[in-house]
Amino acid sequence: MKMTQVRCGYLPLVDCAPLIIAKELKFAAQEGLDLTLVKQPSWSSLRDMLAFGQIDFAHMLSPMPVAMSLGLGGVARDIDVLMVLSANGTIVGVSADLDRRMQETGWSNTFDDPSAASQAIFAAGGKPVRIGVPFPFSMHRMLLETWLSQAPEYSEDRIEIVTVPPTKMADAMQDGDLDMFCVGEPWGSVAVQQSGATLILPGSRVWEFSPEKVLGVQRSWASQNPKHCHAMIRSIYKAARWLAQPENIPLAVEILARSQHLDLPDHAIDPALSGQFITKHGQTPEQMDRFIVFHQGAANFPWRSQACWIADILSRWHSLDRDAARQIAQACFRSDIYREALLPIGIDLPAASQKIEGTMAGPTTVVSTMGQMILGPDRFFNGAVFDFDAP
Amino acid sequence: MQIDLNILVVERDKTKAHEIIDALMDGGWNNVTVISSPTALERTVKDLDPDIILIDLANPDRDTLEHLGQVANARNRPVAMFVDQTDEVMTQAAISAGLSAYVVNGLQKDRIKPVLETAIARFRMVEKMQSELDAAKQALSDRKMIDRAKGLLIRARGISEDEAYGLLRKTAMDQGRKVIDVATALVTAAELLQ
């Protein structure tokens with residue numbers, strides 16, 4: 001088979017595992033792709049490389065393609081989402097100082113209670129809480145605001161959200177530059193080891209099924225290269241399915257640690273994939289189910305309702321027309337291309353391309369192209385429900 | 001005209017920073033500040049209120065600048081120059097030179113352009129010098145490693161220097177590897193066996 005060379009940009013985080021597995025276990029090669037993974041130092045740089053044609057595909061924060069398509073941020077471009085690479089996977093931590101002040105209010109860390117945690121954060125008093133996120137257009141920032149703004153004591157001037165590159169989050173905590181952070185692994189665990197931070201909440205406790213990273217591509221490129229897009233979707237789908245087998249996890253950790261793409265030791269990779277987290281120095285690990293989801297519950301499906309959820313927040317931040325923003329966002333989440341890629345190889349897909357976000361309390365049976373499939377859970381911590389078809 | 005532009009350069013590498021300052025000074029811009037520490041970036045932008053910020057495209061602190069550009073109603077919002085895509089040639093030139101620029105106070109385009117052109121030219125030059133230097137260093141260290149491997153072979157097998165090199169080269173060809181890789185493997189193995 002003649003191999004096609006494609007380049008995919010990524011940031012060295014554990015959640016780029018499907019890309020690395022697709023390359024290393026030859027899922028990409030089986031689809032005729034000679035996949036080169038191109039490491040990027042920052043989200044801005046990744047965005048520029050994609051917009052100016054230096055890379056074909058990109059491992060992106062889910063709000064980035066929507067923001068770019070809406071003309072927000074440094075570069076405006078029509079960027080499409082071919083698939084979701086991972087759901088969930090962010091983690092919130094606080095400094096040793098804030099942890100101590102939170103405990104003085106009577107709070108104890110259960111690692112799973114958003115409401116108690118936010119109450120303690122605001123009750124701890126003092127200056128506005130300075131919180132680091134990896135990028136302005138990130139699920140991290142969206143989840144943080146969704147969560148904290150629900151606290152009775154919340155007001156806008158009680159928090160200050162700043163952008164700190166993931167690799168520098170632990171340093172910024174150590175320097176006392178931040179009180180709190182929300183970041184992807186391994187940087188949360190690194191902050192625990194390196195700067196005495198305490199992990200207080202996985203992002204999945206705010207929203208049980210948030211689209212975290214997506215596979216982005218320039219719309220014009222996608223329309224000129226449909227075959228490459230299909231091949232890429234198929235290879236990553238197979239890699240994600242492989243990653244979802246619990247018996248493959250030890251091998252996956254090994255492959256990710258050995259590959260030059262991450263440059264992280266295995267003990268830094270293990271927590272995210274095994275769900276075993278040490279929340280504070282010297283404590284025994286806590287088990288967190290569905291910390292990061294690569295495959296289960298149609299995790300790779302680019303739901304148009306997820307795009308709407310992102311669009312609503314962006315239109316609030318930037319005072320845009322909500323309905324126009326939703327329309328542009330929905331057009332980015334290319335469930336049509338995703339179906340074209342996977343239906344011919346007999347993959348079962350959801351029958352609908354959007355859902356009501358936040359209704360599934362547990363695994364739920366829904367109609368699929370081949371009969372029935374199981375989705376969920378996908379609730380929000382405060383029981384919020386988003387029906388984007390509602391008038 | 002040019003003197004009153006307030007330029008901030010974010011660059012960790014001292015030599016590179018000096019090169020850029022010199023180039024800008026030569027061009028008549030005297031109001032140039034350099035910072036190397038990333039944690040100071042946010043504060044510096046607020047205090048210094050620069051007109052234009054020059055930063056390496058690969059610098060991770062760019063994400064922090066992007067965020068400052070998103071803060072609504074802030075007095076000084078840095079805006080990536082890519083926003084203004086009327087000048088595609090300049091944008092591509094900046095990207096290939098590894099430079100990104102942020103314009104802060106809605107500066108007019110005709111005043112940005114000469115700054116960028118100067119910076120792009122110097123960025124390219126520094127980059128080229130750097131890669132030449134790296135290549136030279138690499139070549140030197142490769143040669144040292146190959147010499148050590150040859151030495152090991154000469155002693156262990158009692159062959160001449162030419163024969164030793166021939167053996168390394170043949171092994172590399174047979175295994176589809178580079179001579180330096182075979183040499184490194186041999187030296188590492190010898191060290192372990194000592």
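Helix H7 of chain B, spanning residues 179–193, comprises 15 residues and extends 21 Å from its first C-alpha to its last, close to the 21 Å expected at 1.5 Å a residue (helices being DSSP runs of H or I of at least four residues, strands runs of E of at least two, both numbered from the N terminus; the expected span being 1.5 Å times one less than the number of residues). Val182(B), Ala183(B) and Leu186(B) are buried in H7(B), where a residue is buried if 20 or more other C-beta atoms lie within 10 Å of its own, exposed if 12 or fewer do, and partly exposed in between, with C-beta atoms placed from the backbone. Viewed down the axis of H7(B), the buried residues fall within an arc of 100°, so they line one face of the helix; the arc is that of the directions from the helix axis to the C-beta atoms. An α-helix has 3.6 residues a turn, so residues three or four places apart point the same way. Thr188(B), Glu191(B) and Leu192(B) are exposed on the face of H7(B) turned away from its buried side.

The model is predicted: local features need pLDDT of at least 70 and side-chain atom pairs count only at pLDDT 80 or more, whereas totals for chains, interfaces and linings use all residues. Residues are numbered from 1 along each chain as its sequence is written, with chains lettered from A and ligands numbered from 1 in the order in which they are written.

Chain A contains 16 helices and 15 strands. Its radius of gyration is 20 Å, close to the 21 Å that the globule rule gives for 391 residues, so chain A is as compact as a globular protein of that length; the radius is taken over C-alpha atoms, and the rule is 2.2 Å times the number of residues to the power 0.38. Along the principal axes, the C-alpha atoms of chain A fill a box of roughly 65 × 50 × 40 Å. Buried residues account for 54% of the 391 residues of chain A. Of the contacts in chain A between residues at least 6 apart in sequence, 74% join residues at least 24 apart, a contact being a pair of residues whose C-beta atoms, placed from the backbone, lie within 7 Å.

Within chain A, helix H3 (residues 43–51) is mostly covered, with eight of its nine residues buried. These buried residues include Trp43(A), Arg47(A), Asp48(A) and Leu50(A). Gly53(A), which follows H3(A), has a positive phi, near 75°.

The contact between the chains draws 22 residues from chain A and 19 from chain B. On the side of chain B that touches chain A, helix H3 (62–68) and helix H4 (88–97) each supply at least two residues. H3(B) gives the most to this side, with five residues. The side of chain B that touches chain A divides into eight nonpolar, six polar and five charged residues (Ala, Val, Leu, Ile, Met, Phe, Trp, Tyr, Cys and Pro count as nonpolar, Asp, Glu, Lys and Arg as charged, and the others, Gly among them, as polar).

The largest nonpolar core has 164 residues, and those with the most contacts inside it are Leu82(A), Leu215(A), Ile233(A), Ile236(A), Ile7(B) and Ile53(B). A nonpolar core is a set of buried Ala, Val, Leu, Ile, Met, Phe, Trp, Tyr and Cys residues joined through C-beta atoms within 7 Å. Helix H11 (residues 226–243) of chain A gives the most to this core, with nine residues. Another core, of seven residues, lies apart from it and has Leu153(B), Val182(B), Ala183(B) and Leu186(B) among its members.

Most residues other than glycine have a negative phi, and most peptide bonds are trans. The peptide bond from Glu185(A) to Pro186(A) is cis, with omega near 10°; Pro186(A) lies in the loop between strand S8 (180–184) and helix H9 (187–195) of chain A. Gly376(A) and Pro377(A) are likewise joined by a cis peptide bond, with omega about 0°, and Pro377(A) lies in the segment after strand S15 (371–375) of chain A. Lys26(A), although not a glycine, has a positive phi of about 65°. Lys26(A) occupies the loop between helix H1 (17–24) and helix H2 (27–30) of chain A and counts as partly exposed, with 14 C-beta neighbours inside 10 Å. Phi is also positive, near 60°, at Asp263(A), a residue of the loop between helix H12 (249–258) and helix H13 (266–274) of chain A. Asp263(A) is exposed, with 10 other C-beta atoms within 10 Å.

Conventions:
Contact = placed C-beta atoms within 7 Å.
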